[in-house]
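Please read them with the coordinates open beside you.

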Amino acid sequence: MSAILDVQNLSISFGGLHAVDDFHITIEKGQLYGLIGPNGAGKTTVFNLLTGVYKPDEGIIRLDGQDITGRSTIEVNMAGVARTFQNIRLFKNLSVLDNVKVGLHNHFRYSTLEGMLRLPRYHKVEKEMNERAMELLKVFDLDGQADFLASNLPYGKQRELEIARALATQPKLLLLDEPAAGMNPNETQDLMKTIRFVRDNFDVSILLIEHDMKLVSGICEKLTVLNFGRVLAQGDTSEVLNNPEVITAYLGE
Ligand SMILES: Nc1ncnc2c1ncn2[C@@H]1O[C@H](COP(=O)(O)OP(=O)(O)OP(=O)(O)O)[C@@H](O)[C@H]1O
C-alpha cells in the first residue's frame, strides 16, 4: 500500500489561538480512517486546511505524492479531494438528480456555445451525465427520488445525497464531516454499510469526523485523536480507544 494522503507539521492560528498545531497523518490507499476529538479540538479546521478553505501557516499536504499545499478549493477538488459538510450544503431548490450532476461537471464537458445552441455534443454529454448520476443515486437507494427537490428528502437521505454528489467528482480521498449527525440508530446502521460499500467499490480512501463511537469503532480501521488542536493519539482503532489518555481526554468527558 502507498499513502493517498500524507500530512506533516500542519498548523494554523486564528489570532492567538493555535486551532491546529503540528498536525500529521498518513492515510493509505483504500483506508477508512477516523478523526475524532472533543468539541472545538480542531477537526473541522483540519478539513478546511486539507480542502484549501484555509491556507496553513506551516506544513505540507501531499495527495497521492503530489504537493497540494496552499491550493484553492477548486484546485484541491480537481486534484482528487471531495468533502461533505457538518451542516448539509445541498442545492436545496435543485432536484436530487441535478445535485449529483453538479458534481459531475468537472469531468463531463461541453462548451458554453454547444450548451446554448443545444448542439449534438451537448445532448450526448447530457445523456451520459444522466446515466452516471442515476448509477450513483442507485448506490444510495435514491434513484426512485431522482426528480424530488433535494429539500424534500428526509434528513438522513440528504446526507447520503451529499456523499453521492461528492463521489460524482471522482475523488481519490473523500472527507466526511460528521456523516451520522442527526441520524437515528437505524439510519446510522445503514450509513455504516453504505460507507463500507463506497470504500470497497469506488477506489476511494475515506477520512471521517464523527462523534458516534459506534460508527467509529464499527468501520474505522485507524484513528487520529485531536485534543486542543494537537494529535493526542494515532493508530489502530481498538488501541487508540483503549489508550488511557484518550479515555480521559475524550471518552470520559
Ligand atoms: N475561522 C475561524 N476564526 C477563528 N476561530 C476559528 C475559526 N475556525 C475555527 N476556529 C476555532 O478553532 C477551534 C477549533 O474549531 P473546529 O471547528 O475545528 O473544532 P471541531 O473539533 O471541528 O469541533 P466540533 O466537534 O464542535 O465541530 C475552535 O476554538 C474554533 O472556535
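1. How many of the six residues of strand β9 (residues 222-227) are buried? In this predicted model, five of them are, which leaves the strand mostly covered.

2. The partners of β9 deserve a look next. Strand β3 (residues 32-36) pairs with β9 in the parallel sense over four bridges, whereas the pairing of β9 with strand β10 (residues 230-236) is antiparallel and runs over six bridges.

3. On the whole fold, the protein contains 10 helices and 10 strands. Its radius of gyration is 19 Å, close to the 18 Å that the globule rule gives for 253 residues, so the protein is as compact as a globular protein of that length. The C-alpha trace spans about 60 × 40 × 35 Å along its principal axes, and 39% of the 253 residues count as buried.

4. As for the ligand, the residues surrounding it include Phe14, Leu17, Asn39, Lys43, Thr44 and Thr45. The elements that give two or more residues to this shell are β2 (17-28) and α1 (43-50), and it is α1 that gives the most, with three residues. Sorted by class, the shell holds four nonpolar, six polar and one charged residues.

Definitions and conventions:
Residues numbered from 1 in each chain as written. Predicted model: local features only at pLDDT ≥ 70, side-chain atom pairs only at ≥ 80, totals over all residues. Rg over C-alpha atoms; globule rule 2.2 N^0.38 Å. Buried ≥ 20, exposed ≤ 12 C-beta atoms within 10 Å, placed from the backbone. Near = placed C-beta within 6 Å. Nonpolar A, V, L, I, M, F, W, Y, C, P; charged D, E, K, R; others polar. Pairing = 2+ DSSP bridges.
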